[in-house]
Amino acid sequence: MTALELIFHIGVIPMSIEQPCSVPSKSEIKRWLNQSSVLINGKKPKAEEEIEFPITELVFFPKSKTRRTTVI
């Protein structure tokens with residue numbers, strides 16, 4: 001399973017940055033992954049990288065004080 005597929009499979013994602021108060025598009029999530037804005041198991045995978053299981057940590061925007069979202 002790729003990083004992009006994992007995020008869609010989990011289904012818990014922060015709101016869109018590009019279109020506030022809406023669900024982010026697949027393209028936007030892909031950009032987050034490719035810009036290292038998502039941390040999975042302590043690593044910053046690109047959108048098409050395979051993810052190792054089990055997932056112990058999922059953090060969106062880990063460097064931001066206001067947007068940081070920890071899922072797992």
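Student: What covers the buried residues of helix 2?
Tutor: In this predicted model, the cover over the buried residues of helix 2 includes helix 1 (3–10), strand 1 and strand 2.

Student: Which residues of helix 2 are buried?
Tutor: Helix 2 spans residues 26–34, and E28, I29, W32 and L33 are buried in this helix. Seen down the axis of helix 2, these buried residues fall within an arc of 140°, so they line one face of the helix.

Student: Which other residues have a positive phi?
Tutor: Among them are C21, with a phi of about 65°, and F61, with a phi of about 55°.

Student: Where is C21, and is it buried or exposed?
Tutor: C21 sits in the loop between helix 1 and helix 2. Its relative accessibility is 75%, so C21 counts as exposed.

Student: Then F61: buried or exposed?
Tutor: F61 is buried, with a relative accessible area of 8%. Its place is in the loop between strand 2 and strand 3.

Student: Moving to the strands, how are they arranged in the sheet?
Tutor: The sheet is open and has three strands in the order 1-2-3, with antiparallel pairing. Strand 1 (38–40) and strand 3 (69–70) are the edge strands, each pairing on one side only.

Student: How many bridges link strand 2 and strand 3?
Tutor: Strand 2, which covers residues 58–60, pairs with strand 3 over two bridges in the antiparallel sense.

Student: Which residue is the bridge partner of F60?
Tutor: The bridge partner of F60 is T69, in strand 3.

Student: What holds paired strands together in general?
Tutor: Strands of a sheet pair through backbone hydrogen bonds, either parallel or antiparallel.

Student: Where is the cis peptide bond?
Tutor: The cis peptide bond joins F53 and P54, and omega there is about 5°. P54 lies in the loop between strand 1 and strand 2, and F53 is found in that loop between strand 1 and strand 2 as well.

Student: Is F53 buried or exposed?
Tutor: F53 counts as exposed, at 52% relative accessibility.

Student: What does F53 touch?
Tutor: Not counting residues up to four places away in sequence, F53 touches M1 and L6. M1 and F53 are 52 residues apart along the chain, and their C-alpha atoms are separated by 9.3 Å.

Student: What about T2: where is it, and is it buried or exposed?
Tutor: T2 is in the segment before helix 1. T2 is buried, with a relative accessible area of 9%.

Student: Which residues is T2 in contact with?
Tutor: Leaving aside neighbours within four places in sequence, T2 is in contact with A47, E48, E49, E50 and I51.

Student: Last topic, the largest pocket: which residues line it?
Tutor: The largest pocket is lined by I40, N41, K43, K44, P45, E49, E50, I51 and E52.

Student: How much space lies in the largest pocket, and how do the lining residues divide?
Tutor: About 170 Å³ of space lies in the largest pocket. The residues of its lining divide into three nonpolar, one polar and five charged.

Conventions: Residues are numbered from 1 along each chain as its sequence is written. This is a predicted model: local features need pLDDT of at least 70, side-chain atom pairs count only at pLDDT 80 or more; totals for chains, interfaces and linings use all residues. Side-chain values use heavy atoms; hydrogens and water are left out. On a 1 Å grid over the protein atoms alone, a cavity is a set of points where a 1.4 Å probe fits but cannot get out, and a pocket is an open set with protein on both sides within 12 Å along at least five of seven lines; lining residues have an atom within 4 Å of a point. Grid points are joined across faces, edges and corners, and a volume is the space filled by probe spheres set on the points. Ala, Val, Leu, Ile, Met, Phe, Trp, Tyr, Cys and Pro count as nonpolar, Asp, Glu, Lys and Arg as charged, and the others, Gly among them, as polar. Two strands pair if DSSP finds at least two bridges between them. Helices (H or I, at least four residues) and strands (E, at least two) are DSSP runs, numbered from the N terminus. Buried means under 20% relative accessible area, exposed over 50%, partly exposed in between (1.4 Å probe, protein chains only). The arc is that of the directions from the helix axis to the C-beta atoms. Contact means heavy atoms within 4.5 Å.
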